[in-house]
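Look at the sequence and the model below.

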Amino acid sequence: MAWFKRKEKGITTATEDKKDVPKGLWYKSPTGKIIDQDELARNLWVSPEDDYHVRIGSKEYFEILFDNNEFTELDAKLTSKDPLKFEDTKKYSDRLKDVMDKTKLKDAIRSAVGKSKGKDLVVSCMDFAFIGGSMGAVVGEKIVRAIDYSIKHKVPFVLISKSGGARMMEAAYSLMQLAKTSAKLAQLAEAKIPYISLCTDPTTGGTTASYAMLGDINIGEPGALIGFAGPRVVKDTTGKDLPEGFQTSEFLLEHGFLDFITPRKELKDKINLYIDLIQNQEIR
C-alpha cells in the first residue's frame with residue numbers, strides 16, 4: 001500500500017506563492033553540459049564536463065594571477081571621451097554612460113600591479129563586456145602607461161587580450177593605438193623586460209594586428225578564437241571553405257602563430273615559469 005495518498009484533486013498554487021528559480025545558478029556550455037555556477041567558479045570558470053573555457057573578465061583573471069587577489073590598480077579613473085560626436089543608433093557619449101553603469105567598468109581594459117608567486121607582475125587585462133572589448137584611445141593609453149610602469153620599475157608585463165577589434169566610434173583615434181602600443185612594446189623589449197601575451201576568446205581585429213601577437217611568448221587559451229577578420233568574413237572574401245578548426249588556438253599553434261596553449265588552471269604557474277626562463281633566474 002502506498003504511504004502517500006492524494007486526498008484532493010487539481011491542487012494549484014496561487015500565482016503570488018509561486019517561486020521562480022533565480023537566474024545565474026547554472027551555466028550551459030556550448031556542448032550542452034549544465035554546470036553549477038559555484039562549481040564553475042571553483043574550477044576557474046572552466047567546465048569540468050568538457051573543459052570549455054568560459055569567457056571571463058579582468059576581475060577573474062586578477063584573482064587567478066595575483067597572490068591572494070591583492071593588487072594595486074593603475075590609472076583606474078581614465079575614461080573615454082567623444083571627440084567626434086559620434087552617433088549611430090545612439091550617441092557614443094550615452095553608450096559610454098550606459099555601459100559604465102551596467103558593467104561598473106571605466107573602459108575595456110584594467111591594469112594592475114601585484115605579487116604573482118611572490119614577485120611583482122604588471123597585468124593589463126581586457127574586458128569583453130565593455131563594448132565588445134573594443135580598442136579605443138583609453139585602451140591604448142592604459143597599455144602604454146602600464147608598460148611605462150614596467151620599464152620604470154623593471155617588472156615583467158602580461159597583457160590579456162579579449163577584443164572584437166578597434167572601436168569604430170573613435171575612428172582614426174582607435175586605429176592609432178595599434179602603432180602607439182607597438183612602439184611602446186619595442187621600448188619594453190629594448191629594456192629587456194619580459195612581455196607575455198595571452199590571447200583569449202575572442203582576440204580579433206586590431207588587437208591581433210598589434211600587441212596581441214608581439215609577446216616574447218604568445219599564449220592562447222584552449223579553443224579561443226584568434227584572428228584578424230572572423231571566419232565568415234574570410235570565407236566570403238576568399239570564396240573557399242575553411243579548414244576544420246580554422247582560427248582556433250589549436251589551429252594557430254599548429255601553424256606557428258602561438259608558442260603554447262595553456263589551460264586556465266596552469267596559467268599562473270606557466271606565466272611565471274616563462275618569465276623565470278626568459279630572465280634566466282631560479283624557477284619558482
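Is Phe251 buried or exposed? Phe251 is buried, as its relative accessible area is 16%; buried means under 20% relative accessible area, exposed over 50%, and partly exposed in between, with a 1.4 Å probe and protein chains only. This is a predicted model, in which local features need pLDDT of at least 70 and side-chain atom pairs count only at pLDDT 80 or more, while totals for chains, interfaces and linings use all residues. Residues are numbered from 1 along each chain as its sequence is written, and side-chain values use heavy atoms, with hydrogens and water left out.

Rings of Phe, Tyr and Trp (its six-membered ring) pair if their centres lie within 6.5 Å; planes under 30 degrees apart count as stacked, over 60 as edge-to-face and the rest as tilted. The model has six aromatic pairs by this rule. One of them joins Phe251 to Phe246 edge-to-face, with 5.5 Å between centres and 70 degrees between planes. Phe246 is partly exposed, at 23% relative accessibility. Elsewhere, ring pairs link Phe62, Phe66 and Phe71 into a cluster.

A ring can also have a charge over it (NZ of Lys or CZ of Arg within 6 Å of the ring centre and within 35 degrees of the ring normal). Arg55 lies over the face of Phe128 in this way, 4.5 Å from the ring centre.

Now the cysteines. A disulfide is a covalent bond between the sulfur atoms of two cysteines; here it is counted when the two sulfur atoms are within 2.5 Å. The structure holds zero disulfides. Cys125 is buried at 0% relative accessible area, and Cys199 is buried at 0% relative accessibility.
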